[in-house]
Amino acid sequence: MRKMSPESLMMSYGFKPSLSEGAIKPPIFQTSTFVFEKAEEGKAFFEQAYGLREKEDGEEPGLIYSRLNNPDLEILENRLCLWDQAEEAAVFESGMGAITTVLLQFLKPGDLIVHSNPIYGGTDHFVKHMLPTFGINVLGFDPHQTREEIHQMIKDSGYADRLKMIYVETPANPTNDLIDLEMCSAIAKEFSIDEKVLVAVDNTYMGPLWQHPLKHGADLVLYSATKYIGGHSDVIAGACLGSKELIAQVKGMRTFLGNMAGPWTGWLLLRSLETLKVRMEQQARNAKSVYDSIVNHPKVKTIHYLGAIEAGTREKEIFDKQYKSAGAMLSIILEGGEEEAFKFLNNLKLIKLAVSLGSTESLAQHPASMTHAGVDPHDRSKYGITDNLVRLSVGVEDAQDLIWDIEQALES
Ligand SMILES: *Cc1c(COP(=O)(O)O)cnc(C)c1O
């Protein structure tokens with residue numbers, strides 16, 4: 001049998017129509033619990049779910065209760081593994097649910113987490129303000145820092161022997177800064193003495209199509225499935241991917257935090273995954289057209305776009321080895337400040353003024369006062385989240401309509 005590409009498998013993989021009256025699509029298994037044929041079967045399912053015995057060859061996990069598993073979610077988890085070539089996946093009711101569950105599972109009081117900067121506003125708050133209340137030590141590094149500098153910083157922290165995780169977001173939101181994942185995994189290896197230091201990567205911006213962190217040494221990949229994976233601005237969801245062993249631990253914590261996705265969320269994402277590649281490719285093409293048309297506009301100072309990284313730089317080197325596309329996110333630095341940025345946003349006619357990204361419709365927002373309003377003002381200016389920055393997530397509309405809209409808003 002030919003080995004099929006993910007986009008070919010996305011319509012059918014992991015679903016047996018014969019188990020659902022021949023339906024070509026999985027029904028929504030809107031059920032909280034599952035009937036056991038016999039008490040012995042229930043016992044066997046629980047033994048397996050709680051790891052009380054070894055799994056028999058080819059034994060599928062038995063369906064017990066929808067906080068533990070559900071057919072829609074199992075099919076979704078199987079399909080999500082295809083793009084990243086992961087062994088296992090766990091889905092959540094939100095991206096933050098996936099991120100916080102991973103952090104709470106693998107970090108204990110006294111441990112050290114090292115993270116890249118800048119990171120998503122919600123993650124930034126949880127890591128910098130909530131983890132320390134659990135006695136976890138937090139250390140951030142900047143995109144331009146070298147391997148030697150980060151290594152030294154970890155040593156100087158005094159907690160090097162308690163380093164448990166390197167947490168990375170690349171490209172960084174909203175600045176499109178790149179971080180070398182192979183460098184992070186090399187640093188993690190250097191500090192893996194008694195226990196493996198895990199590398200976790202939030203791949204929301206470029207995944208699951210254009211960056212595959214597991215191939216560059218990451219242990220865990222995280223998604224806000226609300227963004228490209230969901231792709232229609234109508235569902236909140238998250239996912240975590242990795243090895244069987246790690247995802248079993250993540251699912252253990254998910255069972256007790258109770259933040260797994262519901263069957264309806266699972267079904268919506270299955271539908272979204274079928275068109276993921278065509279959507280993302282169109283979005284990337286549109287982003288390039290928009291960039292090319294407005295980059296020289298007199299009211300535009302510069303645009304952070306992965307398709308515009310200069311040759312010969314370290315960034316370009318990282319881009320070439322880590323990314324398959326320049327993506328569909330543009331951070332436009334306008335001439336002026338907040339007033340000019342707001343004027344631009346208020347004058348857009350087709351593009352919607354809203355946070356979030358990766359959707360079929362183009363979305364524009366002002367990170368400094370919106371998604372990153374909670375970030376320390378000192379950090380905001382340090383990482384270039386300035387008052388004249390507008391973040392644009394390019395959708396699947398006609399590129400010429402988008403360009404018209406941006407140009408008329410710039411003129412006003
Ligand atoms: C949106 C987002 C999140 C949070 O995901 P939710 O689904 O909103 O909980 C995390 N990381 C990045 C990069 C995001 O864009």
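## Pockets, a ligand and a sheet

Met329 stands opposite Ser393 in β12. That pair is a handy place to start a walk through this structure, which is a predicted model.

Let's begin with the sheet around that pair. Strand β9, residues 329-334, and strand β12, residues 389-393, run antiparallel to each other and are joined over five bridges. Both belong to an open sheet of five strands, ordered β8-β9-β12-β11-β10, with mixed pairing. The edges are taken by β8 (300-304) and β10 (352-353), each of which has a single partner strand, so one side of each is left without a neighbour in the sheet.

Next comes the ligand. Which residues come nearest to the ligand? Of the 13 residues around it, these are Met96, Asp202, Ser224, Thr226 and Lys227.

| Residue | Atom type in the residue | Distance to a ligand oxygen atom |
|---|---|---|
| Met96 | backbone N or O | 2.8 Å |
| Ser224 | polar side-chain atom | 2.8 Å |
| Thr226 | polar side-chain atom | 2.6 Å |

Taken alone, the ligand exposes 380 Å², and the protein buries 93% of that. Helix α4, which spans residues 95-106, gives the most to the shell around the ligand, with three residues. By class, the shell is made up of five nonpolar, five polar and three charged residues.

Now for the open spaces. Rolling a probe the size of a water molecule over the atoms shows where empty space is left. The largest pocket has a volume of about 1,600 Å³. It is lined by 44 residues, and Glu60, Pro61, Asn69, Glu74 and Lys251 are the closest to its centre. Which helix or strand gives the most to the lining of the largest pocket? That is α8, with nine residues. The elements that each supply at least two residues of this lining are α2 (39-49), α3 (71-84), β1 (88-92) and α8 (244-257). Sorted by class, the lining of the largest pocket has 21 nonpolar, 10 polar and 13 charged residues.

The second largest pocket contains about 360 Å³ of space. Its lining comes to 18 residues, with Met4, Ser5, Pro6, Leu82 and Gln85 nearest the centre. Here α1 (6-9) and α3 each supply at least two residues of the lining. Helix α3 therefore takes part in both linings, since it also supplies at least two residues to the largest pocket. The lining of the second largest pocket divides into nine nonpolar, three polar and six charged residues.

Conventions
Residues numbered from 1 in each chain as written. Predicted model: local features only at pLDDT ≥ 70, side-chain atom pairs only at ≥ 80, totals over all residues. Heavy atoms only, no water. 1 Å grid on protein atoms, 1.4 Å probe; cavity = no way out; pocket = protein on both sides within 12 Å on 5 of 7 lines; lining within 4 Å. Points joined across faces, edges and corners; volume = space filled by probe spheres on them. Helix = DSSP H or I, 4+ residues; strand = E, 2+ residues; numbered from the N terminus. Nonpolar A, V, L, I, M, F, W, Y, C, P; charged D, E, K, R; others polar. Near = heavy atom within 4 Å. Polar contact = N/O pair within 3.5 Å; in protein donor to acceptor, adjacent residues only side chain to side chain. Areas by Shrake-Rupley, 256 points an atom, 1.4 Å probe, with all protein chains shown as cover. Pairing = 2+ DSSP bridges.
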